[in-house]
Amino acid sequence: MIESAVLWLLNVLAVPTVGLTSVFLISFVSATLLPLGSEPAVFAVIKANPEMFWSVILVATVGNTLGGVVDYWMGYGAKQAFAKERSTRWFHWLERFGAKTMLLAWLPGIGDPICTLAGWLRLPFWPSVIYMAIGKFVRYILMTWLLLNVPDGFWRSVADWLA
């Protein structure tokens, strides 16, 4: 019953049953402190539906940015947890460059903690979100473009090797 209702809603909204919703959720979760990458999902959906390139990139950027916003607010409320770390170079670096450091929010391993520390330092919210979105958008464009330019034969050999 629920499955048929969801499929009906997706059909009414003209949203693919697998694709944009999955990209959004994976992009959102991967921007939190959980170790998950969203690029494979973005690439797979674009490879299967090249006409959806821009919509997939935008949905992934929005999902990933909203995940970064969650990190920001977690950091905003976690001041006591990091009080001892206040003297580290990361804090000084973030204080020095401010919201522009959110351009680096796309970096694997350190991007999510940077968003969290930005919230802890109470960097200006909207400039942080804007810089975060720009960095993540550019990352998705570059990564997808690079992956799309790899010959299909390579991906088939990878799939054969994994099977």
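A: The model is a predicted one, and the helix to look at is α7, residues 125-148, where confidence is highest, with a mean pLDDT of 94. Confidence is lowest in helix α1 (residues 2-12), at a mean of 64. The protein chain as a whole averages 84, and 82% of the residues score at least 70. Where pLDDT is low, the predicted coordinates should not be read in detail.

Start with the database record. UniProt, in an unreviewed entry, places the feature "transmembrane region" at residues 7-33, 53-76 and 129-148.

Next, the surface. Leu103, Trp126, Ile130, Ile134, Val138 and Leu142 make a nonpolar surface patch of about 580 Å². An α-helix has 3.6 residues a turn, so residues three or four places apart point the same way. Leu142 is in helix α7, and its relative accessibility is 48%, so it counts as partly exposed.

Now the polar side chains. Arg139 is also placed in helix α7, but at 10% relative accessibility it falls under the 20% limit and so counts as buried. The side chain of Arg139 makes a polar contact of 2.9 Å with the side chain of Tyr140. The side chain of Arg139 also forms a salt bridge with that of Glu39, at 3.1 Å from N to O. Because Glu39 lies in helix α3 (residues 39-48) and Arg139 in helix α7, this pair ties together parts that are 100 residues apart in sequence. Glu39 and Arg139 are both buried.

A search of the whole structure finds two salt bridges. Besides the pair of Glu39 and Arg139, there is one between the side chains of Asp152 and Lys47, at 2.5 Å from N to O. Asp152 lies in helix α8 (residues 152-162) and Lys47 in helix α3, so this pair ties together parts that are 105 residues apart in sequence. Asp152 has 35% relative accessibility and therefore counts as partly exposed. Lys47, at 34%, counts as partly exposed too.

Last, another helix for comparison. Nine of the ten residues of helix α6 (residues 111-120) are buried, so α6 is largely enclosed by the rest of the structure. Among the buried ones are Asp112, Cys115 and Trp120. After α6 comes Arg122, with a positive phi near 55 degrees.

How values were computed:
Residues are numbered from 1 along each chain as its sequence is written. This is a predicted model: local features need pLDDT of at least 70, side-chain atom pairs count only at pLDDT 80 or more; totals for chains, interfaces and linings use all residues. Side-chain values use heavy atoms; hydrogens and water are left out. Buried means under 20% relative accessible area, exposed over 50%, partly exposed in between (1.4 Å probe, protein chains only). Helices (H or I, at least four residues) and strands (E, at least two) are DSSP runs, numbered from the N terminus. UniProt positions are given in the numbering used here, feature names are shortened, and annotations may be inferred rather than shown by experiment. pLDDT is the predictor's confidence in each residue, from 0 to 100. Patches are made of residues with over 30% relative accessible area and no salt bridge: like charges are joined within 9 Å, nonpolar side chains (Val, Leu, Ile, Met, Phe, Trp, Tyr) within 5 Å. Accessible areas come from the Shrake-Rupley method with a 1.4 Å probe; for residues, only the protein chains shown count as cover. A salt bridge is a side-chain nitrogen of Lys or Arg within 4 Å of a carboxyl oxygen of Asp or Glu. A polar contact is a pair of N or O atoms within 3.5 Å; within protein, one must be able to donate a hydrogen and the other to accept it, and residues adjacent in sequence count only if both atoms are side-chain atoms.
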